[in-house]
Amino acid sequence: MTAARTADPAAHERLYRSLRGRIMLGELAPGLPLTLRGLAREYHVSMTPAREAVRRLVAEGALTLSASGRVATPELSDERIEELAALRALIEPELAARALPRAHFALIDRLAQINGRIADAVERHDAVGYIRCNLDFHRMLYLRAQAPAMLAMLETIWLQLGPTMRALYGRVRRNEPPRHHRMILAALRAGDEPALRLAVRADVTHGLRHLTAA
């Protein structure tokens with residue numbers, strides 16, 4: 001490895017973004033141990049970028065760091081899942097309501113297309129594809145809220161839930177896309193804020209109830 005490559009200031013950002021995305025999409029199992037040496041080898045960087053990326057992800061709750069220095073993906077208790085579910089049920093309906101005045105028909109059509117991709121992922125039993133499209137559906141809507149602080153807070157919650165959501169997918173048989181997405185789309189088309197808040201809250205709580213039940 002050359003000195004220039006070792007000192008590349010973008011190296012840790014690339015590792016951070018890639019690993020963050022993998023965790024959020026549930027590509028890594030809950031409680032999976034990670035090492036700086038292993039990450040540095042996998043991403044072809046030095047130990048310094050690996051250490052900095054892990055430090056940032058621990059700060060976001062995407063990784064856990066034990067007193068002994070062991071780094072792992074989150075393994076959530078039922079109590080923690082319920083806490084994160086309560087936060088989602090507060091934040092996501094508010095983001096959706098703020099997005100509603102800017103939810104033009106072209107956006108709603110794009111959301112419907114994403115929902116179609118969710119159906120395709122369900123048919124293929126593609127857990128990661130399902131989670132990716134589901135997050136894309138919600139993120140595309142919430143970006144219209146123009147509330148970056150709330151969206152950033154929500155993404156840290158999605159990060160913590162990612163590995164657990166992936167593990168859940170293998171235990172819960174799903175045959176169709178989330179039915180509440182159709183309710184969200186209908187509320188957006190009607191410009192009905194109370195119905196939109198209700199649909200988003202139901203979508204969030206319905207999915208996370210499966211986590212504690214499982």
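Predicted model: local features only at pLDDT ≥ 70, side-chain atom pairs only at ≥ 80, totals over all residues.
Trainee: What pattern does the protein follow along the sequence?

Mentor: Read in sequence order, the pattern is α-α-β-α-α-β-β-α-α-α-α-α-α.

Trainee: And what percentage of the residues count as buried?

Mentor: The protein has 214 residues, and 46% of them count as buried.

Trainee: How far apart are the C-alpha atoms of I81 and Q160?

Mentor: Their C-alpha atoms are separated by 9.2 Å, although I81 and Q160 are 79 residues apart along the chain.

Trainee: What share of the contacts join residues at least 24 apart?

Mentor: Among contacts between residues at least 6 apart in sequence, the share is 77%.

Trainee: How many salt bridges does a search of the whole structure find?

Mentor: The search finds 16 salt bridges. One of them joins the side chains of R17 and E13, with an N to O distance of 2.9 Å.

Trainee: Where do R17 and E13 lie?

Mentor: Both belong to helix 2, residues 11-24, and they are 4 residues apart, about one turn of the helix.

Trainee: Buried or exposed, or in between: how does R17 count?

Mentor: R17 counts as partly exposed at 48% relative accessibility. E13 is partly exposed as well, with a relative accessible area of 28%.

Trainee: Which residue forms a salt bridge with E42?

Mentor: The partner of E42 is R22, and their closest N and O atoms are 2.9 Å apart. E42 is partly exposed, at a relative accessible area of 44%.

Trainee: What about R132, which residue does its side chain meet in a salt bridge?

Mentor: The side chain of R132 meets that of E27, at 3.9 Å from N to O. This pair links distant parts of the chain, 105 residues apart: R132 is in helix 7, while E27 is in the loop between helix 2 and strand 1 (33-34). R132 counts as partly exposed at 36% relative accessibility, and E27 is partly exposed at 38%.

Trainee: Which residues are linked in a network of salt bridges?

Mentor: The network links R20, E60, D136, R139 and E155.

Trainee: Changing topic, how many cavities of 30 Å³ or more are there?

Mentor: The count is 2 cavities. The second largest cavity holds about 120 Å³ of space.

Trainee: Which residues line the second largest cavity?

Mentor: Its lining is made of M24, R88, Y130, I131, N134, L135, W158, L161, G162 and M165. Helix 7 (127-143) and helix 8 (148-169) are the elements that give two or more residues to this lining.

Trainee: And what is the lining of the second largest cavity by class?

Mentor: By class, the lining of the second largest cavity has 7 nonpolar, 2 polar and 1 charged residues.

Conventions
Residues numbered from 1 in each chain as written. Heavy atoms only, no water. 1 Å grid on protein atoms, 1.4 Å probe; cavity = no way out; pocket = protein on both sides within 12 Å on 5 of 7 lines; lining within 4 Å. Points joined across faces, edges and corners; volume = space filled by probe spheres on them. Nonpolar A, V, L, I, M, F, W, Y, C, P; charged D, E, K, R; others polar. Buried < 20%, exposed > 50% of the residue type's maximum accessible area, 1.4 Å probe, protein only. Contact = heavy atoms within 4.5 Å. Salt bridge = Lys/Arg side-chain N within 4 Å of Asp/Glu carboxyl O.
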